[in-house]
Every structure is written in structure tokens, then in C-alpha cells.
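This briefing is meant to be read alongside the sequence and the coordinates.

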Amino acid sequence: HIAGQLPVDMATGKILTGCVKEQTAQCLGHIKTIVESIGHVMDDIVKVNIQVKNIADLAEVDAIYTKYFPAYLPARTVIGVSELPAGALVQMDAVMSNAESTPPQA
């Protein structure tokens, strides 16, 4: 399980001040970095949980989300929330599996 990822700018340590698309890309970029750092690929993700401050932004989130999963879309849960830490517009966490006992892909 990859713990909740906020759209933090790693250079400043602060929440990215962009729109929901930019914040979505930042969250997924963090997840991708973690996945690849342990020798896996995004296709090993089986579920993503998304918390979005404005559920009306879901189409914009989807526009970025689908770019990170070109082969298939993992299962997901989307929840509209009233607030996220530090004023973020979106937060994500992911569940990864390698159920076939195949070695990680580098």
C-alpha cells in the first residue's frame, strides 16, 4: 500500500498551488516514483483511492489519471470531501500487487 500522497512540491515542501489537474499529476507522479523505486511499474497498481475537494473536478482528475495508466485502469474509489490537508484539492493512495509472484519489472 502506498500511503496518501498530497500534491507536495518536493523542492519547497509545500502544496503545489496549481489547479486540480496539476495537483493530480503531482500526486500520481509521487506514486509513480515510489512504485518505480522498488522495481515495479504502474501496471502493478490494482486500486487507487482518490479524495477530491470538489467532486465536479472529477473529469479534470480523470484527464490526468488515464495518462498514468495507459494499459488499463485499476479499480478505484473516489470520495468528495470538504477539506484536505494544507488546502490541497486532491489526495491519493494506491494499492499495489504482484499476485502472480512474478519478479518486479525494472
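Does K53 count as buried, partly exposed or exposed, and at what relative accessibility? In this predicted model, K53 counts as partly exposed because its relative accessibility is 34%, a value that falls between the limits of 20% for buried and 50% for exposed. A search of the whole structure finds 3 salt bridges, and K53 takes part in one of them, with E83.

**Salt bridges**

- K53 and E83 form a salt bridge in which the closest N and O atoms are 3.8 Å apart; since K53 lies in the loop between β4 and α2 while E83 lies in the loop between β5 (75-80) and β6, the pair ties together parts that are 30 residues apart in sequence.
- E83, for its part, is exposed, because its relative accessible area is 55%.
- R76 and D62 meet through their side chains in a salt bridge with an N to O distance of 2.7 Å; R76 belongs to strand β5 and D62 to helix α2, so this pair ties together parts that are 14 residues apart in sequence.
- R76 is partly exposed, with a relative accessible area of 29%, and D62 is likewise partly exposed, with a value of 23%.
- K32 forms a salt bridge with E36, the closest N and O atoms being 3.7 Å apart; because the two residues are 4 residues apart in helix α1, they are separated by about one helical turn.
- K32 counts as partly exposed at 34% relative accessibility, and E36 counts as partly exposed at 43%.

- D57 is found in the loop between β4 and α2, where it is buried yet has no salt bridge.
- The nearest side chain of opposite charge to D57 is that of K53, 9.2 Å away, and because a salt bridge requires the nitrogen and oxygen to be within 4 Å, K53 is not a partner for D57.
- Leaving aside residues up to four places away in sequence, D57 touches V20 and V52.

**Nonpolar core**

- The largest nonpolar core has 18 residues, and those with the most contacts inside it are L28, I31, I45, V48, I50, F69 and M92.
- At least two residues of this core are supplied by each of α1 (20-37), β4 (45-52), α2 (58-68) and β6 (90-96), and the largest share, 5 residues, comes from α1.
- F69 touches L28, M42, I45, V48 and P74, when residues up to four places away in sequence are not counted.
- In soluble globular proteins, nonpolar side chains tend to be buried together.

Key. Residues numbered from 1 in each chain as written. Predicted model: local features only at pLDDT ≥ 70, side-chain atom pairs only at ≥ 80, totals over all residues. Heavy atoms only, no water. Core = buried A, V, L, I, M, F, W, Y, C linked by side-chain atoms within 4.5 Å. Buried < 20%, exposed > 50% of the residue type's maximum accessible area, 1.4 Å probe, protein only. Contact = heavy atoms within 4.5 Å. Lys, Arg positive; Asp, Glu negative; His and termini not counted.
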